[in-house]
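Dear colleague,

Please find below the structure that I am handing over to you. My findings follow directly after it.

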Amino acid sequence: MNVKPIIPTFATNLAFCRKFGDKTKVLENEDIKPISLVGTEDVHTVNLEDFQYIGTNITGFRIVNQSPEYQEIVQDWKASHAAGKPLDGDQAPYAKTDVALMYDAVWTFATALNTLEKGQRLQIKSVSCETEKPWAFGPTLANHMRGVELRGLTGRIVFDENGMRTNFTVKIQDLTHIGLTESLLQKESITRWQKEWDNGETGRSVHNVLPKVKTTSTPWQRPEIMFVTGHGPFPTYLKRFNIRSSDSCGCGKLGNPLHYATSCLFTTSYHLTKPSADLEPLWWKRVMNNNNSRAKIKKLMHFIAENEPLLFPKDGDDN
């Protein structure tokens, strides 16, 4: 959106507000029109107090996660700026998105480098930018970076197999008379999403664990997702798509995730306490919210993947 043509009017409105000092008069003046502006991703760093009462609609986007950890880091930066001369909030550039992204990038690099260094002795050599010869450890370091998972200034940091960042949250904010608030559009979207999630016919096993929708991702890894959804190496799932002719486990019971986690004769080393039928929804919620239980589930899923011939009967043996 090109905002240059409306900047003079915008400045006139602001000057009028400052001149008369009565914000209610500004809103009642017929010559001053409300203005709609779409801000940048750094709208949270701008002092918008002067614009709150003059009918100006400002919508901005924010990826920076203003958590207590973020606030602490920003305060440390401010306090150490210019040889001990702290800057006030309006002057300090540290809360801006590009700085937060750079901080997270360096942290991701350092985390991957630390992991790489633990596994082998690194040889640091000068690498010329004028040649195409890369650093010997470069590809390995890149692989480690793709595997990094942490929570930074811009929220959860996780990458897909191509090294692209995924599952990050962008907040939409509107300026109101009380300051920047979560966008009404975003609230309405979440409300509609919640209704669809509550009344849906699919994903009910996940709904038992995560009944409330949210814009931040749940820190589950692939084995846990396959387990809770049932979309994994389970006979009950594979039969749905005619990949197998039987939905039974090798022990003769129904081969679903709950069976392998609680009662299968072949997976006793990974068993969790089996719930009664009426407590099964509560069991799913407790298991998937417990770090020790999720660690056992990861081992169980690995065991199932490695021992498929033992756990699954041959097609045609059992219908």
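The buried residues of helix α11 pack against α7 (204–209), α8, α10 (257–262) and α12. Contact here means heavy atoms within 4.5 Å, and buried means under 20% relative accessible area, with exposed over 50% and partly exposed in between (1.4 Å probe, protein chains only). Helices (H or I, at least four residues) and strands (E, at least two) are DSSP runs, numbered from the N terminus.

Please note that this is a predicted model, in which local features need pLDDT of at least 70 and side-chain atom pairs count only at pLDDT 80 or more, while totals for chains, interfaces and linings use all residues. Residues are numbered from 1 along each chain as its sequence is written, and side-chain values use heavy atoms, with hydrogens and water left out.

Overall composition

The protein chain comes to 13 helices and six strands. Of its 319 residues, 32% are buried. Among the contacts with a separation of 6 or more, 51% are between residues 24 or more positions apart.

Helix α11

Which residues of helix α11 (residues 280–288) are buried? They are Trp 283, Trp 284, Val 287 and Met 288. Seen down the axis of α11, these buried residues fall within an arc of 110 degrees, so they line one face of the helix. The arc is that of the directions from the helix axis to the C-beta atoms. In general, an α-helix has 3.6 residues a turn, so residues three or four places apart point the same way.

Salt bridges

The structure holds three salt bridges, a salt bridge being a side-chain nitrogen of Lys or Arg within 4 Å of a carboxyl oxygen of Asp or Glu. Side chains of opposite charge can pair when their charged atoms come close.

Glu 224, Arg 294 and Lys 298 are linked in a network of salt bridges. In the pair of Glu 224 and Arg 294, the closest N and O atoms are 2.5 Å apart. This pair links distant parts of the chain, with Glu 224 in helix α8 (residues 222–229) and Arg 294 in helix α12 (residues 291–306), 70 residues apart. Lys 298 and Glu 224 also meet through their side chains in a salt bridge, at 3.9 Å from N to O. Here again distant parts of the chain are linked: Lys 298 belongs to helix α12 and Glu 224 to helix α8, 74 residues apart.

Glu 224 is buried, with a relative accessible area of 1%, and Arg 294 is buried, with a relative accessible area of 14%. Lys 298 is partly exposed, at 30%. Arg 294 touches Pro 219, Trp 220, Glu 224, Val 287, Met 288 and Asn 289, not counting residues up to four places away in sequence. Val 287 and Met 288 are also among the buried residues of α11.

Glu 149 forms a salt bridge with Arg 156, in which the closest N and O atoms are 2.7 Å apart. Glu 149 is partly exposed, with a relative accessible area of 38%, whereas Arg 156 is buried, at 9%.

Packing of α4 and α5

Helix α4 (residues 97–119) and helix α5 (residues 138–146) pack at an angle of about 115 degrees, with their axes 9 Å apart. Axes are lines fitted to C-alpha atoms, for helices over the stretch in contact, and angles run from 0 to 180 degrees between N-to-C directions. The contact is made by Thr 108, Phe 109, Ala 112, Leu 113, Thr 115 and Leu 116 of α4, together with Thr 140, Leu 141, His 144 and Met 145 of α5.

Individual residues

Thr 229 is placed in helix α8 and is partly exposed, with a relative accessible area of 27%. Leaving out residues up to four places away in sequence, Thr 229 touches Ser 205 and Val 206. The C-alpha atoms of Thr 229 and Arg 204 are separated by 8.5 Å, the two residues being 25 residues apart along the chain.

Asn 242 lies in the loop between α9 (235–240) and α10 and is exposed, with a relative accessible area of 68%. Its phi is near 60 degrees, a positive value in a residue other than glycine.

Pro 309 is found in helix α13 (residues 308–311) and is exposed, at 73%. Pro 309 and Gly 250 are 59 residues apart in sequence and 8.6 Å apart in space, C-alpha to C-alpha.

With kind regards
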